[in-house]
Amino acid sequence: MRTKDAQLMENILIEIDRYYSECGRAPSTRELAEKVSMSHNTVARYLRDMNERGMLGYAKGRIVTRKMSKSKPESVSVPILGSISCGMPLTAEGNVESYVRLPTELIGSGEFFFLKANGDSMIEAGIDDGDLVLIKKTTQAKDGDIVVALVDDENTLKRIYFDRENHLIILHPENRAMRDITVTECEIQGVAVKIIKDI
């Protein structure tokens, strides 16, 4: 390749490692092509050449950089998705603020995200304003689980109980000064599994 392509090869490496840090996996060739604004075929040609030069590993569409090979595979990148109300419901947010890598040994398997607690309705469950709450994505919950519940396009963090006799769902705040939210239906977006807080 021409010497002027050296900077582009460096940019490709940077984009691969950035994608891995954010998503916990290497990008596909097509995803990488979008990141560096090149055609799929051109990116594949660069990757083959970089593989021959020993700059990265590239075989059968799988990309591995030196940085990726040194990182622990038993970890997962968990997005922080902003705030969730522990008082009145808060409009649902989907913007990723940042990512945190956590060992799967600590959190187990599944898909997870973090939400920042906002308010004081869950203080008796040990969830204070500003805490990071680790949520496991699921649409199922058991009586007594602390869940992210979507009600009328607004989400809230509450303990859930099912009143099957009256076909009601009770979203219970863990604060004796606050009242239950009773609804006929809601969408469960996840179950809280851990809290990260300052001490």
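Axes here are lines fitted to C-alpha atoms, for helices over the stretch in contact, with angles from 0 to 180 degrees between N-to-C directions. Helices are DSSP runs of H or I, at least four residues, and strands are runs of E, at least two, numbered from the N terminus. This is a predicted model: local features need pLDDT of at least 70, side-chain atom pairs need 80 or more, and totals for chains, interfaces and linings use all residues. Residues are numbered from 1 along each chain as its sequence is written, and side-chain values use heavy atoms, without hydrogens or water.

Start with α1 (residues 6-23) and α3 (residues 40-52). Their axes come within 11 Å and cross at roughly 95°. So the two helices are roughly perpendicular, a label for angles of 65 to 115 degrees.

Which α3 residues do L8, M9, I12, L13 and I16 of α1 meet? They meet Y46, L47, D49 and M50, contact meaning heavy atoms within 4.5 Å.

Now D49. It is buried, at 15% relative accessible area; buried means under 20%, exposed over 50%, partly exposed in between, with a 1.4 Å probe and protein chains only. D49 forms a salt bridge with R53, closest N and O atoms 2.5 Å apart. The rule: a side-chain nitrogen of Lys or Arg within 4 Å of a carboxyl oxygen of Asp or Glu. R53 is partly exposed, at 46%.

By this rule there are eight salt bridges. Another one joins E15 and R18, at 2.7 Å, N to O. Both lie in α1, three residues apart. E15 is buried, at 17%; R18 is partly exposed, at 42%.

Technical notes: Parallel < 35°, antiparallel > 145°, perpendicular 65-115°, else oblique.
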